[in-house]
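Subject: A structure for you to look at

Hello,

Here is the structure I promised to pass on. Please open it beside this email and follow along. My notes come after it.

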Amino acid sequence: AAPPAATVCAAASSANTLVGGAVVQSCSTCYGGEKVGFVGEGGTLTINNVPAATAGTYPVTIIYCDGSATGRQVTVSVDGGAAQTLSFTPTGSFTTVGAMTVSLSLAAGSNTIEFANPAAYAPDLNEIIVAHSP
C-alpha cells in the first residue's frame with residue numbers, strides 16, 4: 001500500500017492547546033463530530049505536534065465552518081513565528097464545512113500552528129490536513 005499523502009490533525013484533539021474562550025463543540029457535519037469555536041477575542045487554538053519530514057513550505061488545508069455574512073479572519077503562526085492573516089469565505093452556517101489551502105513554512109520534525117484573531121472571532125475550526133511533502 002502507498003503511504004498516506006497527508007496527515008490529518010483534528011482541531012478538537014486533546015493533544016492541542018486551547019486558551020481563553022476557545023472551546024471544543026459538537027458538530028454533526030464536521031469530520032470527527034467536533035470543532036473548536038470561539039477562537040479570537042482572546043481565544044486561541046494551538047495544534048501541537050504537526051509533522052514535517054523535511055523543512056519547507058507545505059500546503060496545509062484548513063477545514064472550517066463560517067456562518068457569518070461576510071467571512072471571518074484568522075491569524076496563523078507556525079512555531080511562534082510571524083503571523084499571517086487569512087480571510088475565509090462564508091460557508092452558509094456554522095455547521096457547513098468549507099476548506100481553504102494555504103502555504104505554511106514548517107521545520108523538519110514537530111511543529112505548532114496557532115490560530116487566533118485579536119480583533120474579532122475567527123471561523124470555527126475542524127481540522128488541518130498537512131501534505132507529507134513540500
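This is a predicted model: local features need pLDDT of at least 70, side-chain atom pairs count only at pLDDT 80 or more; totals for chains, interfaces and linings use all residues.

**What I found**

Let's start with one glycine. Gly 37 belongs to strand β4, which covers residues 34–37. Is Gly 37 buried or exposed? Gly 37 has a relative accessible area of 0%. Buried means under 20%, so Gly 37 is buried. Now find Ile 113. Gly 37 and Ile 113 are 76 residues apart along the chain, and their C-alpha atoms are 16 Å apart.

**The chain as a whole**

Step back for a moment. The chain has 11 strands and 0 helices. Read along the sequence, the pattern is β-β-β-β-β-β-β-β-β-β-β. The C-alpha trace spans about 40 × 35 × 25 Å along its principal axes. What radius of gyration does the chain have? The value is 14 Å. A compact globule with 134 residues would have a radius near 14 Å, so the chain agrees with that expectation.

How much of the chain is buried? Of the 134 residues, 43% count as buried. Now look at the contacts. Take those between residues at least 6 apart in sequence: 76% of them join residues at least 24 apart.

**The open sheet**

Next, trace the sheet. Strands of a sheet pair through backbone hydrogen bonds, and the pairing can be parallel or antiparallel. Here, 5 strands make an open sheet, and their order is β2-β5-β10-β7-β8. The pairing is antiparallel. Which strands sit at the edges? They are β2 (17–19) and β8 (84–87), and each pairs on one side only. On average, neighbouring strands of this sheet are turned by 25° against each other, direction ignored.

Walk across the sheet from β2:

- β2 pairs with β5 (residues 44–52) over 3 bridges, in the antiparallel sense. Leu 18 stands opposite Leu 45 in β5.
- β5 and β10 (residues 109–116) run antiparallel and are joined by 6 bridges. Val 50 has Asn 111 in β10 as its bridge partner.
- β7 (residues 73–78) and β10 also run antiparallel, with 4 bridges between them. Val 78 has Ile 113 in β10 as its bridge partner.

**The cysteines**

Now the sulfur atoms. How many disulfides does a search of the whole structure find? It finds 1. That disulfide joins Cys 27 to Cys 30, with an S to S distance of 2.2 Å. The torsion about the S-S bond is about 65°, so this disulfide is right-handed. Cys 27 is buried, at 1% relative accessible area. Cys 30 is buried as well, at 6%.

Cys 9 is in no disulfide. Its nearest cysteine sulfur belongs to Cys 30 and is 16 Å away. Cys 9 counts as buried, at 9% relative accessibility.

Cys 65 is in no disulfide either.

One last stop. Side chains of opposite charge can pair when their charged atoms come close. The structure holds 1 salt bridge. Which residues form it? Asp 124 pairs with Lys 35, and their closest N and O atoms are 2.8 Å apart. The two lie in distant parts of the chain, 89 residues apart. Asp 124 is in strand β11 (residues 124–131), and Lys 35 is in strand β4. Are these residues buried or exposed? Both Asp 124 and Lys 35 are buried.

This brings us back to the start.

Best wishes

Methods
Residues are numbered from 1 along each chain as its sequence is written. Side-chain values use heavy atoms; hydrogens and water are left out. Buried means under 20% relative accessible area, exposed over 50%, partly exposed in between (1.4 Å probe, protein chains only). A disulfide is a pair of cysteine sulfur atoms within 2.5 Å. Two strands pair if DSSP finds at least two bridges between them. Axes are lines fitted to C-alpha atoms, for helices over the stretch in contact, and angles run from 0 to 180 degrees between N-to-C directions. A salt bridge is a side-chain nitrogen of Lys or Arg within 4 Å of a carboxyl oxygen of Asp or Glu. The radius of gyration is taken over C-alpha atoms; the globule rule is 2.2 Å times the number of residues to the power 0.38. Contact means heavy atoms within 4.5 Å.
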